[in-house]
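Dear colleague,

Please find the structure below, together with its sequence.

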Amino acid sequence: FWRKSIFWAKNYLTTGLIAKIRLFSITYMDQPQQKTALVCGAGGFIGSHLVRRLKSEGFLVRGADLKYPEFSKSAADDFVIADLREDESWKKILDPSASLGAGRAFDEVYQLAADMGGAGYIFTGEHDADVMHNSASINLNALNYGQKAGIGKIFYSSSACIYPEYNQTVPNNSKCCEASAYPAQPDSEYGWEKLFSERLYLSYMRNYKMQVRIARFHNIFGP
């Protein structure tokens with residue numbers, strides 16, 4: 001068959017729902033199969049909305065997180081409660097034989113899971129070790145086990161916290177262009193971990209030919 005793929009990611013503002021991201025594939029096949037997606041961090045605000053968006057586009061979706069969504073029932077076809085820091089969790093959620101009955105690797109993976117408890121949690125310095133260890137463990141596992149499972153397309157949710165502290169000293173002239181991330185000097189360990197993980201994903205893209213997309217979220221709010 002002839003196959004062509006187009007990928008894009010969006011992060012934009014709307015009333016109510018502020019961020020919608022999409023790593024989108026258009027595939028031309030003689031007998032198209034229903035696409036499958038894994039959303040890590042599906043119990044959170046962005047993740048739960050992303051699951052709903054993917055379902056509206058016809059995907060079979062598995063959600064994975066430490067918890068279910070707090071304010072609404074998940075729209076995922078199945079939802080795995082799992083600690084994504086643990087190796088066994090990734091072996092379970094990426095098992096091709098259990099991929100929503102498809103018997104193959106997930107077509108797309110969205111990695112939004114992180115140790116993030118808001119500004120009052122990440123900026124005090126009291127949780128720096130946990131923030132860096134937990135989030136880095138999740139991302140290391142996502143790429144290690146994702147690559148071994150044959151995942152070709154993966155989206156990583158980074159943060160505006162990766163930008164240098166010296167770029168934020170003039171409120172009316174902040175610099176947020178991609179190139180301004182270096183020389184690096186994030187103002188928190190949360191930002192340093194996000195920057196490290198960006199480089200980790202890009203390394204896997206270069207070395208293992210995984211198709212990676214990264215978005216740096218700024219302020220996210222909504223229902």
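Two strands pair if DSSP finds at least two bridges between them. Strands (E, at least two residues) and helices (H or I, at least four residues) are DSSP runs, numbered from the N terminus. By this rule, strand 2 (residues 60-65) and strand 3 pair in the parallel sense over four bridges, and D65 is opposite I81 in strand 3.

This is a predicted model, in which local features need pLDDT of at least 70, side-chain atom pairs count only at pLDDT 80 or more, and totals for chains, interfaces and linings use all residues. Residues are numbered from 1 along each chain as its sequence is written, and side-chain values use heavy atoms, with hydrogens and water left out.

The sheet is open, with six strands in the order 3-2-1-4-5-6 and parallel pairing. Strand 3 (78-81) and strand 6 (211-217) are at the edges, each with a single partner strand, so one side of each has no neighbour in the sheet.

Helix 4 (residues 128-148) and helix 5 (residues 189-208) pack with their axes 9 Å apart, at an angle of about 15°. Axes are lines fitted to C-alpha atoms, for helices over the stretch in contact, and angles run from 0 to 180 degrees between N-to-C directions. The two helices, helix 4 and helix 5, are therefore roughly parallel to each other (angles under 35 degrees).

Yours sincerely

Technical notes
Parallel < 35°, antiparallel > 145°, perpendicular 65-115°, else oblique.
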